[in-house]
Amino acid sequence: ESVHAIGGERFNYRPKGWVFKEAGGRPSILFPFFQKMFPKGKILVIVREPLQVVRSLVQYRKKHGYGIELRAEIMDPLRIFAELLPFVGNPAVRFVLYEELTGSRLESNMRSVAEHLGISYSRVLTQPTQFGQPTVVSTATKQVSTVFSNERHWTEGLSFSEKTAIRFYFSLLRVVEPTRILPICNYECLKERIANDSKSVSVPG
């Protein structure tokens, strides 16, 4: 069978399952809903350092000429981060660190992802594709056809006023809403929890 993609391209591809992608939604609402609708379904979560997420959002909006509301750009990633913490350890949920999907551990992580999803691993999983065919994707700053590692500090590419405002709001939220928005567990703590959870999962022999 063939699949017609946007633009009229035709691919000889037969889907073996369905995938729903959500960026920026509320995990506390979406995850239970997904699990109720698809009891045997799996959830894959890619997590990234909140400051890097804010940097990416700001650069994307500047690139496309959108207005920037720094308070909202900061609050949303932090709220999502806080809502993800209770799902660490849930057998239906697999956490993957963004930096490990763009670095030297890309292949080993994609093998783990394939195992979690119950699909066969292929090297096609390590490159941008559309219906299994190589494609070009847009990032916050450029278009790429390969997976690349971004090791820039979160402040790079931001103006002095943007960096100052981001630091201000992060400090303010620690005082105003320290538990609901900024949990005691920061990104390093989350990475440790994910690592410990991965070790506790038995691997079939």
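Visitor: Which residues have the most contacts inside the largest nonpolar core?

Guide: In soluble globular proteins, nonpolar side chains tend to be buried together. A nonpolar core is a set of buried Ala, Val, Leu, Ile, Met, Phe, Trp, Tyr and Cys residues joined through side-chain atoms within 4.5 Å, where buried means under 20% relative accessible area, exposed over 50%, and partly exposed in between (1.4 Å probe, protein chains only). The largest one here has 18 residues, and Phe31, Val45, Val47, Leu84, Phe95 and Leu190 have the most contacts inside it. At least two residues of this core come from each of α1 (27–37), β3 (43–47), α3 (70–84), β4 (93–97) and α7 (187–200); these helices (H or I, at least four residues) and strands (E, at least two) are DSSP runs, numbered from the N terminus. A second, separate core of 13 residues includes Val54, Leu78, Ile166 and Leu173.

This is a predicted model, in which local features need pLDDT of at least 70 and side-chain atom pairs count only at pLDDT 80 or more, while totals for chains, interfaces and linings use all residues. Residues are numbered from 1 along each chain as its sequence is written, and side-chain values use heavy atoms, with hydrogens and water left out.

Visitor: Is valine 96 buried or exposed, and where is its place?

Guide: Valine 96 lies in strand β4 and is buried, with a relative accessible area of 1%. Leaving aside neighbours within four places in sequence, valine 96 is in contact (heavy atoms within 4.5 Å) with Leu44, Val45, Ile46, Val47, Leu101, Asn109 and Val113. Valine 96 and valine 45 are 51 residues apart in sequence, yet 6.1 Å apart in space, C-alpha to C-alpha.
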